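Me: Please take a close look at one part of this model, the salt bridges, and describe what surrounds them.

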Amino acid sequence: MEHLTRPWRLYGELAGRATRRELFGFDLTLLAALALAWHAPDLAAPWLGALDLRPEMARGGVLLAALGFVLLFGAAPGVAVHARRLHDADRSGWWLLVPVVAPLLLLLPGTRGPNRHGADPRGSERAAPAPDSAPEPLRAAAAAAVT
């Protein structure tokens with residue numbers, strides 16, 4: 001669940017790196033919120049009847065308010081997580097301004113280990129293994145070979 005909540009917690013953080021899983025998790029939650037906002041007039045229909053407005057005006061107002069709310073609160077985390085995803089592929093976040101190239105760059109695998117934008121967000125599972133992390137028989141064999 002971390003990959004679904006992290007983009008919302010780091011909504012203004014442009015520095016650092018994000019995994020593809022984190023990016024796709026954010027995009028799916030934003031898409032679900034937009035779908036819910038699209039159906040907000042249908043969900044609010046029982047209460048809209050009490051208003052002295054034409055039905056299409058009331059439905060349009062609810063739709064505009066719901067979509068505006070989702071887009072307003074989803075814009076900053078969206079830009080931030082997409083920029084951090086580009087950082088994971090060792091690219092600048094400014095590539096988001098190139099609409100044809102940016103979606104392709106977002107799909108690139110991230111660089112292994114730390115890069116100029118920070119530590120690997122996947123942690124030690126992708127980084128090169130440390131010499132001390134080898135099993136004891138291999139460390140003993142390596143030490144014997146050195147001496």
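Reply: Asp90 forms a salt bridge with Arg116, and their closest N and O atoms are 3.0 Å apart; a salt bridge here is a side-chain nitrogen of Lys or Arg within 4 Å of a carboxyl oxygen of Asp or Glu. The pair links distant parts of the chain, with Asp90 in the loop between H4 and H5 and Arg116 in the loop between H5 and H6, 26 residues apart. Helices are DSSP runs of H or I with at least four residues, strands are runs of E with at least two, and both are numbered from the N terminus.

The model is predicted, so local features need pLDDT of at least 70 and side-chain atom pairs count only at pLDDT 80 or more, while totals for chains, interfaces and linings use all residues. Residues are numbered from 1 along each chain as its sequence is written, and side-chain values use heavy atoms, leaving out hydrogens and water.

Asp90 counts as partly exposed at 28% relative accessibility, and Arg116 counts as exposed at 61%. Buried means under 20% relative accessible area, exposed over 50%, and partly exposed in between, with a 1.4 Å probe and protein chains only. The backbone of Asp90 has a phi near 60°, a positive value in a residue other than glycine. Most residues other than glycine have a negative phi.

The structure holds 7 salt bridges. One of them pairs Asp88 with Arg17, where the closest N and O atoms are 2.7 Å apart. Asp88 lies in helix H4 and Arg17 in the loop between helix H1 (2-9) and H2, so this pair ties together parts that are 71 residues apart in sequence. Both Asp88 and Arg17 are buried.

Asp88 also forms a salt bridge with Arg122, with the closest N and O atoms 3.0 Å apart. Arg122 lies in the loop between H5 and helix H6 (136-146) and Asp88 in helix H4, so the pair ties together parts that are 34 residues apart in sequence. Arg122 and Asp88 are both buried. Salt bridges that share partners join Arg17, Arg85, Asp88, Asp120 and Arg122 into one network.

The loop that holds Asp90 runs between helix H4 (55-88) and helix H5 (102-106). Trp95 lies in the loop between H4 and H5 and is partly exposed, with a relative accessible area of 35%. As for the protein as a whole, it has 6 helices and 0 strands, and buried residues make up 27% of its 147 residues.
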